[in-house]
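Please read them with the structure open.

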Amino acid sequence: MAGTQTEQATGKRHQVVVIGSGFGGLFGTKALRRSDVDVTMVAKTTHHLFQPLLYQVATGILSEGEIAPPTREVVSGQSNAQVLLGEVTGIDLEARTVTSQVLGRETVSSYDSLIVAAGAGQSYFGNDHFAEFAPGMKSIDDALELRGRIFGAFEMAELGAVRGDNVDHLLTFVVVGAGPTGVEMAGQIAELAHRTLKRDFRAINTRSARVVLVDAAPQVLPPFGHKLGEKAKAELEKLGVEVVLGAMVTDVDERGIEMKFKDGRTDRIDTVTKIWAAGVQASPLGKTLSEQTGAPLDRAGRISVNPDLTLPGHPEVFVVGDMISLDNLPGVAQVAIQGAKYAAKEIDHRIKGKPAQGPFKYFDKGSMAIISRFRAVAMVGKLRLTGVIAWLMWLAVHLVYITGFKNRITAVLHWFVSFLGRGRSERTTTEQQIFARSALARLKRGATDLVSEPGAYDAARALLETTRRAELEARAAEEARLTDAGERGVKVGER
Ligand SMILES: Cc1cc2nc3c(=O)[nH]c(=O)nc-3n(C[C@H](O)[C@H](O)[C@H](O)COP(=O)(O)OP(=O)(O)OC[C@H]3O[C@@H](n4cnc5c(N)ncnc54)[C@H](O)[C@@H]3O)c2cc1C
């Protein structure tokens, strides 16, 4: 595919558009730094997000800046890369264009090659109304909202206790989903209640807080196998987390959750703070691509791709990371990173007229999940690790992958504060943090309702100016008439 039609027609360099600034998008863009191409990375946030550490933002260990550096800054030294803010709303595979929008402003980017790395969002398994009361853990907004809700629940409990109210529902925290994110969240909330906050309140005993981890599966951390799952469960219970397995969440409301067990039993937990860490749904862009190519989607909305990560009939379009369904690859950062690097290399090979690389092969570097300080589980090849060794490995690996040298330094300092001491450096929360998501959802067009339409501001100002000018001219004419008629000023003789 050396020298596509578009390049020949325009005489421009090969144009690569990358959708997303997550693991796939960022690593794909960086991998093209030495290629003879122009890269445009379009993403709906201005940052690259290190999702595995979101739970540490939610529980006050790290600041959002440490895990979400500005993408623009990260690629500022890469002269062939351009960053555009925008939510991609359309991909036209025939016209080879990507349409993105920000607050009603539309941008169309043309491509010769496209890398789609738009990731996945939270899935409530068809019960999207749960989201109002049980935020997920997918974005910085989610993590900050959860931080506000978690620390806010302790504040409200203190107030209630001072008044003599029952505050059990405020001191109960339910995490739905016993995968790595759920386990990490439950462990950290337990540490907050039992260690960090124990001396900060007067009317409540934070150590009496109830932390419940619920999952429909029969074990904790299913991908880690039975033995590590049991180990993680035992460690969580040591921390004071109640682990409820085989329980399907059937309803979530402001004051609690309802569950149904396999034997038909039902139960309700009264709780104000619910955290949804179950299920993912691939970006809706997968559906757009499926409709145009016939490539099937699986139940999680992931699109089937060719073994070289391209779409059927469109060798110029690569899809990588959480959006793809290929050989049961897991939704983990390494799949996205390696897939994006593979796609970038393939584009480079084509431009240079080199042969194709052959099918994409994923190299599994292992998986790990942290339970609390000094406790983690890890699987590396056949090796199964637990306890402090797994925890140290977890620290080292995450440190390597945090983007930016200064972020690594500050993250280490914050980990010292939280893991060796009992403090949390990032406990700041605001009312807006907690309620802005729901408030925006109630606006018809979301944030777009809060700004003027493109061009509308200028038109309104022009109209205002015309009207004001006419008014001022009329007033000036009246003043002149009054002066000429001698009706202005003090008449001589009247002094
Ligand atoms: C809480 C949490 C913890 C995790 N922990 C681990 C872990 O410990 N280890 C591990 O390996 N993996 C972990 N993962 C999974 C890992 O983060 C993902 O597999 C990885 O991020 C996938 O990379 P991606 O590039 O496909 O998608 P993402 O990294 O999610 O990036 C998607 C990008 O696309 C952008 N985007 C989405 N839609 C649009 C659109 N329409 N227009 C423009 N831009 C768009 C997003 O803003 C984002 O920049 C975790 C995930 C979460 C949520």
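**Notes on the predicted model**

1. The shell around the ligand takes at least three residues from domain 1 (4-123 + 281-352) and at least three from domain 2 (128-278 + 367-441). The domain bounds come from an automatic or database domain assignment. This is a predicted model, in which local features need pLDDT of at least 70 and side-chain atom pairs count only at pLDDT 80 or more, while totals for chains, interfaces and linings use all residues. Residues are numbered from 1 along each chain as its sequence is written, and side-chain values use heavy atoms, with hydrogens and water left out.

2. Which residues are closest to the ligand? Ser 21, Gly 24, Gln 51, Val 88 and Asp 322 are the closest of the 26 residues that surround the ligand; a residue is near a molecule if one of its heavy atoms lies within 4 Å of it. By type, the shell residues divide into eleven nonpolar, eleven polar and four charged. Here Ala, Val, Leu, Ile, Met, Phe, Trp, Tyr, Cys and Pro count as nonpolar, Asp, Glu, Lys and Arg as charged, and the others, Gly among them, as polar.

3. At Lys 44, a polar backbone atom is 3.2 Å from a ligand nitrogen atom. At Gly 331, the distance from a polar backbone atom to an oxygen atom of the ligand is 3.1 Å. The ligand taken alone exposes 990 Å², and the protein buries 88% of that. Helix 2 (23-31), strand 4 (87-92) and helix 10 (333-352) are the elements that give two or more residues to the shell.

4. Now the protein as a whole. The protein has 14 helices and 23 strands, which are DSSP runs numbered from the N terminus (helices H or I, at least four residues; strands E, at least two). The C-alpha trace spans about 105 × 75 × 45 Å along its principal axes. Of the 495 residues, 48% are buried; buried means under 20% relative accessible area, exposed over 50%, and partly exposed in between (1.4 Å probe, protein chains only). The accessible surface comes to about 24,500 Å², with 54% of this belonging to carbon and sulfur atoms. Accessible areas come from the Shrake-Rupley method with a 1.4 Å probe, and for residues only the protein chains shown count as cover.

5. The centres of domain 1 and domain 2, taken over C-alpha atoms, are 30 Å apart. Contact between the domains involves 33 residues of domain 1 and 36 residues of domain 2, where contact means heavy atoms within 4.5 Å. Among contacts in the protein between residues at least 6 apart in sequence, 63% join residues at least 24 apart.

6. Is Arg 424 buried or exposed? Arg 424 counts as buried because its relative accessible area is 8%. Arg 424 sits in the loop between helix 12 (405-420) and helix 13 (431-442). Its side chain makes a polar contact of 2.9 Å with that of Gln 188. A polar contact is a pair of N or O atoms within 3.5 Å; within protein, one must be able to donate a hydrogen and the other to accept it, and residues adjacent in sequence count only if both atoms are side-chain atoms. Leaving aside neighbours within four places in sequence, the residues in contact with Arg 424 include Thr 59, Gly 60, Ile 61, Glu 191 and Leu 192.

7. The loop between helix 13 and helix 14 (456-484) holds Thr 448, and Pro 454 is found in that loop too. Thr 448 is buried, at 18% relative accessible area, whereas Pro 454 is partly exposed, at 41%. Not counting residues up to four places away in sequence, Thr 448 touches Leu 103 and Gly 104; with its neighbours within four places left aside, Pro 454 is in contact with Gly 104 and Arg 105. Pro 454 and Glu 106 are 348 residues apart in sequence and 9.5 Å apart in space, C-alpha to C-alpha.

8. Some backbone angles deserve a look. Most residues other than glycine have a negative phi. Leu 221, not a glycine, has a positive phi of about 50 degrees, and so does Asp 327. Leu 221 lies in the loop between strand 10 (210-215) and helix 8 (225-238) and is buried, at 0% relative accessibility. Asp 327 lies in the loop between strand 20 (324-325) and helix 10 and is exposed, with a relative accessible area of 65%.
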